[in-house]
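This report covers strand pairing and helix packing in one protein model. The sequence and coordinates come first.

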Amino acid sequence: MPGALQRPAVVSRVSDLVGYTPLLELASTGTGSRLLLKLEMFNPTGTAKIRMARAMVDAAEAAGELRPGGRIVESTSGNTGLGLAVIAAERGYAFTAVVDHHACPDKLRGMKALGTELVYVVDDGTEELATAAREELAEDMARGQDNTVFTEQHNNPANGVGYFPVAHELHEALGGRIDVLIGAVGTGGALCGTGRELRTLMSGFTVIGVEPKGSIAFGGPAHDYYQSGTGTPEGAEIGALVDFDLIDEGVKVGDVEAFATCRAVARTGLLIGGSAGGVVHEALSRLPSLPPGTTMVALVNDGGEKYMDTVFNDDWMRARGLLDPEAEREIEELLTKLRGNR
């Protein structure tokens, strides 16, 4: 990417490696439209969320809420926790992550390896997503404690600010040639933070939000889903960072389609996470019908390496009724066709 932003050749902290992530052209059409993936798994911890983890801690320090020797508390399904664990370790803070067993085991093991205290909101082994209960417990744990901050990612403005650099990276790398920005909607920070800042740099692009079927941000019906780190489950409040005025279209992708896409994309040599599979599925479905010369950028906020026990495990998938070889074949065929145009 000629002229793209570059990180220094040598850095002194792991968090200095955040950003400057690459763009990969996954597919294109005969009419010159192309799908570019912003590969956020090239950040430390393999996820975009370390961007906003750093920004939330920066904001807490600037406000005087967090001082040397303090403690950070957050409710997390894994990736935000991994980011906060890195920042806490670098800056000498204790970090308590309130979690449930819906999180991928590798994320929980990673946080623990980084020195995080894990507190399970339920410890009966159930895989049920417990976002509302997690957040209530995290808030209770931080309330009234000296030098302790509940970063509250779903309602923390610094979450969105943490993704402003993504907009600048995209703008510089592509020279303002972006027609569609598509990404997952969980807290809303990644897509809306990127989209809001990108609107200050350029105009004329469409923002598409993707959530799992069963999530409620774009309406019901509500039901359980297995895509982690994204969506708004029943009983949880839609995050304050989800900007419906910014999002031009909100869509839903089911677990079967999202995970089938992950597995099909893996056969091109790229491992992406479950929620990223939903984003890429929607993007690939739209690509053939886009106007000639369209550039669509998909935010791929998570790599697939943490999902070997789940999305890429046939037994786990089969036990939950998620394994669909026919869906995988259809996506592979579409990918083969679109990749042949490059």
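## Basis

The model is predicted: local features need pLDDT of at least 70 and side-chain atom pairs count only at pLDDT 80 or more, while totals for chains, interfaces and linings use all residues. Residues are numbered from 1 along each chain as its sequence is written, and side-chain values use heavy atoms, leaving out hydrogens and water.

Helices (H or I, at least four residues) and strands (E, at least two) are DSSP runs, numbered from the N terminus. Strand β2 (residues 34-39) has five of its six residues buried, so the rest of the structure largely encloses it; buried means under 20% relative accessible area, with a 1.4 Å probe and protein chains only.

Strands pair if DSSP finds at least two bridges between them. β2 runs antiparallel to strand β1 (residues 23-28), joined by five bridges, and Leu23 has Lys38 of β2 as its bridge partner. Five residues lie between the strands of this hairpin, where Gly32 takes a positive phi near 90°. With strand β10 (residues 295-300), β2 runs parallel through six bridges; Arg34 stands opposite Thr295 in β10.

## Packing of α8 and α11

Helix α8 (residues 255-266) packs against helix α11 (residues 325-339) at an angle of about 55°, and their axes are 8 Å apart. Axes are lines fitted to C-alpha atoms over the stretch in contact, with angles from 0 to 180 degrees between N-to-C directions.

Contact (heavy atoms within 4.5 Å) involves Ala260 and Arg263 of α8, and Ile331 and Leu335 of α11, among others.

Terms used. Buried < 20%, exposed > 50% of the residue type's maximum accessible area, 1.4 Å probe, protein only.
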